[in-house]
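Hello,

I'm passing a structure on to you, and I hope you enjoy exploring it. Please open it first, and then read my notes below with the picture at your side.

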Amino acid sequence: MRKLLLFFMNNIVVNRFLILAGKDNFIKKYTNNWSRVRINKSKSLQENVGFSHSAEVDQAVKKIHDYVTEAAAGLPPEKKILDIGCGVGLYLRDFENARLYGTDLSEDFLAQCRQLVPQATLVRGDYLDIKFEKKFFDMIYSISVIEYIPPSGIRGFFEKIHSELTDNGVMLIQYPHALSVWDKLYSDLSYVSYLPGHLEKLIEGKFSIIKHEHSFDGRKIKGIDAKRYGDGESRNFCNGMILVAKKISA
Ligand SMILES: C[S@@+](CC[C@H](N)C(=O)[O-])C[C@H]1O[C@@H](n2cnc3c(N)ncnc32)[C@H](O)[C@@H]1O
């Protein structure tokens, strides 16, 4: 029944109306409901947050750790850093001299994160609903999360980050990008693959881009990417972009 409902709901025609009406959050409740996800102890933490351990994926994950560390390198020593959708804390644990904050939908993930990164302040909930102080964070980053932010909410997502960053604060977003015209047309609202050029337009005037490239092979891409890693059937963390940008103060 659930599958049938999704078949009729989650397609380019219906989704267009859902986006226009601002109801595109709806599909998420029936698919990737992260708030109900529990830790599976027979799997690694990386697998629990959704990534395999194929050699390619492990390499892709390592590259993202490097991007995050590099983006934080120039920040002040007493920096405040927020990880949106921190999961079990695999990236938060990379930091030593920083005040760390994380948000996530899954209480089970956050319980694990508390063990891994005890010094972090963790808040459970949808980032879009959580109120942080304005101009509070020196860096806000998010790895593999905006695919769960619906098109009608993505502009607000970037505006919220902008308002919570200090002047000159740094934003880093890793996301799966559009690999087909179907992605561009939002054929699947349970996992949205944004066009790199579209995200650049959204942040124009608010952020100056430091880096925007394929997070696995470094290519610069604006539109639909014709190169796809993996078998083409399942999602693969190698298919993604990294966007690093500095806040432009009003
Ligand atoms: C694929 S996992 C990635 C976890 C972590 N960023 C990592 O790379 O290890 C996506 C995470 O985003 C969280 N998430 C999705 N939508 C969110 C939202 N609106 N606010 C906060 N967290 C969210 C989920 O709970 C989940 O833990």
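Let me begin with the largest cavity, which has a volume of about 40 Å³. A search of the whole structure turns up one cavity of 30 Å³ or more. Please keep in mind that this is a predicted model.

Which residues line the largest cavity? You will find Asp183, Tyr186, Ser187, Asp188, Tyr191, Val192 and Ser193 there. Sorted by class, that lining holds three nonpolar, two polar and two charged residues.

Some of these names come back in the second largest pocket. Its volume is about 330 Å³, and 17 residues line it. Asp183, Tyr191, Ser193, Arg228 and Arg235 are the ones that lie nearest its centre. The lining of the second largest pocket divides into four nonpolar, eight polar and five charged residues.

Now for the largest pocket, which holds about 770 Å³ of space. Its lining is made of 42 residues, and Trp34, Val49, Ile143, Ser144 and Tyr148 lie nearest its centre. The largest share, three residues, comes from H4. By class, the lining of the largest pocket has 21 nonpolar, 15 polar and six charged residues.

Where does the ligand sit? You can look for the ligand in the largest pocket. There are 20 residues around the ligand, and those that come nearest are Gly85, Asp104, Asp126, Tyr127 and Ile143. This shell divides into twelve nonpolar, six polar and two charged residues.

- Asp104 has a polar side-chain atom 2.6 Å from an oxygen atom of the ligand.
- Tyr127 has a backbone N or O atom 2.9 Å from a nitrogen atom of the ligand.
- Ile143 also places a backbone N or O atom 2.9 Å from a nitrogen atom of the ligand.

How much of the ligand does the protein bury? Taken alone, the ligand exposes 600 Å², and the protein buries 99% of that.

Best wishes, and happy exploring!

Terms used. Residues are numbered from 1 along each chain as its sequence is written. This is a predicted model: local features need pLDDT of at least 70, side-chain atom pairs count only at pLDDT 80 or more; totals for chains, interfaces and linings use all residues. Side-chain values use heavy atoms; hydrogens and water are left out. A residue is near a molecule or strand if one of its heavy atoms lies within 4 Å of it. A polar contact is a pair of N or O atoms within 3.5 Å; within protein, one must be able to donate a hydrogen and the other to accept it, and residues adjacent in sequence count only if both atoms are side-chain atoms. Accessible areas come from the Shrake-Rupley method with a 1.4 Å probe; for residues, only the protein chains shown count as cover. On a 1 Å grid over the protein atoms alone, a cavity is a set of points where a 1.4 Å probe fits but cannot get out, and a pocket is an open set with protein on both sides within 12 Å along at least five of seven lines; lining residues have an atom within 4 Å of a point. A molecule sits in a cavity or pocket if more than half of its atoms lie within 2 Å of its grid points. Ala, Val, Leu, Ile, Met, Phe, Trp, Tyr, Cys and Pro count as nonpolar, Asp, Glu, Lys and Arg as charged, and the others, Gly among them, as polar. Grid points are joined across faces, edges and corners, and a volume is the space filled by probe spheres set on the points. Helices (H or I, at least four residues) and strands (E, at least two) are DSSP runs, numbered from the N terminus.
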